[in-house]
Number of protein chains: 2
Amino acid sequence: MLNYKAPASLDRMFAAMADPARRAMVDRLARGPASVSELARPLSISLPAVLQHLAVLESCSVVHSEKVGRVRTCQLDPAGLRNAEAWLQHRRTAWERRLDRLGAVLDEQKEPES
Amino acid sequence: MLNYKAPASLDRMFAAMADPARRAMVDRLARGPASVSELARPLSISLPAVLQHLAVLESCSVVHSEKVGRVRTCQLDPAGLRNAEAWLQHRRTAWERRLDRLGAVLDEQKEPES
């Protein structure tokens with residue numbers, strides 16, 4: 001029995017990235033910190049909606065924010081991104097290595113004929 | 001205005017990866033092709049549920065399957081994984097490069113003092 005229920009953080013992380021508005025926010029923050037209203041501006045969604053998306057991104061360690069005075073500044077926190085990226089990369093490269101080995105075996109089998 | 005609605009395929013791909021059963025299926029397939037019942041066995045979910053998850057994985061180009069006789073064999077198709085991985089990596093490295101540049105500027109400012 002696979003322990004396939006373990007990493008709930010990956011559930012949250014991938015679900016967070018499945019929303020185009022949240023990806024647009026991450027995209028913006030990859031270029032530098034931004035206030036909530038700077039994040040909202042290009043998205044044409046309400047400020048409360050942006051705050052909800054922000055809460056989702058914070059819950060999976062992709063963004064953290066800090067309020068100084070009346071301005072909340074958001075910043076990318078690459079930990080969450082790195083987790084999800086590593087998960088995908090590990091499966092992709094395992095498969096590609098498998099294909100490479102298969103290719104090598106086929107090449108070896110061809111050689112005596114040539 | 002950001003064109004944040006464009007890559008619907010990323011929506012589907014990240015949503016697909018947000019489910020632990022589907023991640024377990026990808027995990028299994030990274031080690032080699034498998035039949036649907038081989039995929040179902042460690043998951044303790046019904047065969048129809050596995051077929052539904054499989055349809056989701058096929059719809060975002062993470063898995064393809066082929067039926068020969070009565071057996072449907074599934075295989076990883078790394079295209080979908082690579083897309084999502086590249087998206088995450090691009091944002092993460094943009095942010096890390098930004099931090100590196102910031103670090104370099106701070107180091108330069110420190111040097112005259114030392």
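# Two chains, one predicted model

Trainee: What share of the 114 residues of chain A count as buried?
Mentor: This is a predicted model. A residue counts as buried under 20% relative accessible area. Among the 114 residues of chain A, the buried share is 40%.

Trainee: In what order do the helices and strands of chain A run from the N terminus?
Mentor: Chain A holds five helices and three strands. From the N terminus on, their order is α-α-β-α-α-β-β-α.

Trainee: What part of the accessible surface of chain A belongs to carbon and sulfur atoms?
Mentor: The accessible surface of chain A comes to about 6400 Å². Carbon and sulfur atoms contribute 52%.

Trainee: How far apart are the centres of the positive and negative side chains in chain A?
Mentor: Count the charges of chain A. There are 17 positive and 14 negative side chains. The centres of these two sets are separated by 10 Å.

Trainee: Is Ser35(A) buried or exposed?
Mentor: Ser35(A) sits in strand S1, residues 34-35 of chain A. Beyond its neighbours within four places in sequence, Ser35(A) contacts Val71(A), Arg72(A) and Thr73(A). Its relative accessible area is 12%. The cut-off is under 20%, so Ser35(A) is buried.

Trainee: Is Ser44(A) buried or exposed?
Mentor: Ser44(A) lies in the loop between helix H3 (36-40) and helix H4 (47-59) of chain A. Most residues other than glycine have a negative phi. Ser44(A) has a positive phi, about 45 degrees. Its relative accessibility is 53%, and exposed means over 50%, so Ser44(A) is exposed.

Trainee: What is the phi of Ser61(A)?
Mentor: Ser61(A) is in the loop between H4 and strand S2 (63-68) of chain A. With a relative accessible area of 35%, Ser61(A) is partly exposed. Its phi is positive, though the residue is not a glycine. The value is near 60 degrees.

Trainee: Which residues does Arg28(A) touch, not counting those up to four places away in sequence?
Mentor: Arg28(A) belongs to helix H2, residues 20-29 of chain A. Glu85(A) is 57 residues away in sequence, with 18 Å between the C-alpha atoms. The residues touched by Arg28(A) are Pro33(A), Ala34(A), Glu38(A) and Leu39(A).

Trainee: What distance separates the C-alpha atoms of Asp100(B) and Ala8(B)?
Mentor: Asp100(B) is part of helix H5, residues 78-110 of chain B. Asp100(B) is exposed, at 57% relative accessible area. Along the chain, Asp100(B) and Ala8(B) are 92 residues apart. Their C-alpha separation is 32 Å.

Definitions and conventions. Residues numbered from 1 in each chain as written. Chains lettered and ligands numbered in written order. Predicted model: local features only at pLDDT ≥ 70, side-chain atom pairs only at ≥ 80, totals over all residues. Heavy atoms only, no water. Helix = DSSP H or I, 4+ residues; strand = E, 2+ residues; numbered from the N terminus. Buried < 20%, exposed > 50% of the residue type's maximum accessible area, 1.4 Å probe, protein only. Areas by Shrake-Rupley, 256 points an atom, 1.4 Å probe, with all protein chains shown as cover. Lys, Arg positive; Asp, Glu negative; His and termini not counted. Charge placed at Lys NZ, Arg CZ, Asp CG, Glu CD. Contact = heavy atoms within 4.5 Å.
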